[in-house]
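Dear colleague,

Please find below the structure that I am handing over to you. My notes on what was found in it follow directly after.

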Amino acid sequence: PPDPEAPVTRSLHQLLELGASVNMYMFEGGTNFGYWNGADYNSKYRPITTSYDYDAPLSEAGDPREKLHALRSVIAQFREVPVGPMPPPTTKFAYGQVTLTKVRSAPPTPLYPHPFP
């Protein structure tokens, strides 16, 4: 079967051969927590759950993926990489259903007060 990481590793290899500086956007997947992710409101409040991963070398949980190993092997052709084992994936748990209780209806206090009068 074709290597799914081939396009990105080939591109990285070509860039490093040229001596280019490389920045990898979305090296680790992530999430927006709290109310920072926004919501839709028409007739009912619907919070937007955000999870962005974009096929990152590290998963949202920080677990190494095959892409990380593939990129690391390309980088090792040009630079010294740390020696030693890669940290293992973290243990995941299934917590089941979680019941929430509304505590108050007032809007939350802003995390960052406005600095200007």
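In these notes, helices (H or I, at least four residues) and strands (E, at least two) are DSSP runs, numbered from the N terminus. This is a predicted model, in which local features need pLDDT of at least 70 and side-chain atom pairs count only at pLDDT 80 or more, while totals for chains, interfaces and linings use all residues. Residues are numbered from 1 along each chain as its sequence is written, and side-chain values use heavy atoms, with hydrogens and water left out.

Overall architecture

The chain has 2 helices and 2 strands, and from the N terminus on these elements follow the order α-β-β-α. Of its 117 residues, 17% are buried (under 20% relative accessible area; exposed is over 50% and partly exposed in between, with a 1.4 Å probe and protein chains only). Contact means heavy atoms within 4.5 Å. Among contacts between residues at least 6 apart in sequence, 50% join residues at least 24 apart.

Helix α1 and its surroundings

The 12 residues of α1 should span 16 Å at 1.5 Å a residue, and this agrees with its end C-alpha atoms, which are 16 Å apart. The expected span is 1.5 Å times one less than the number of residues. After α1 comes Gly-19, with a positive phi near 80°.

Leu-12 sits in α1 and is buried, at 6% relative accessibility. Beyond its neighbours within four places in sequence, Leu-12 is in contact with Val-22, Met-24, Leu-71, Val-74 and Ile-75.

Glu-5 belongs to the segment before α1. Glu-5 counts as buried because its relative accessible area is 11%. Setting aside neighbours within four places in sequence, Glu-5 is in contact with Glu-66, Lys-67 and Ala-70.

The second largest pocket

A pocket is an open set of points on a 1 Å grid over the protein atoms alone, where a 1.4 Å probe fits and protein lies on both sides within 12 Å along at least five of seven lines; lining residues have an atom within 4 Å of a point. The second largest pocket has a volume of about 150 Å³, a volume being the space filled by probe spheres set on the points, which are joined across faces, edges and corners.

Its lining is formed by Val-8, Ser-11, Leu-12, Leu-15, Val-22, Met-24, Tyr-25, Met-26, Asp-55, Pro-57, Lys-67 and Leu-71. Both α1 (6-17) and α2 (66-75) supply at least two lining residues each, and the largest share, 4 residues, comes from α1. The lining divides into 9 nonpolar, 1 polar and 2 charged residues (Ala, Val, Leu, Ile, Met, Phe, Trp, Tyr, Cys and Pro count as nonpolar, Asp, Glu, Lys and Arg as charged, and the others, Gly among them, as polar).

Met-26, one of the lining residues, is found in the loop between α1 and β1 (39-41). Met-26 has a positive phi of about 65° although it is not a glycine, and it is buried, with a relative accessible area of 13%.

Asp-63

Asp-63 is in the loop between β2 (45-47) and α2, and at 10% relative accessibility it counts as buried. Its side chain reaches the backbone nitrogen of Thr-90 at 2.8 Å. A polar contact of 2.4 Å joins the side chains of Asp-63 and Lys-92 (a pair of N or O atoms within 3.5 Å; within protein, one must be able to donate a hydrogen and the other to accept it, and residues adjacent in sequence count only if both atoms are side-chain atoms).

Yours sincerely
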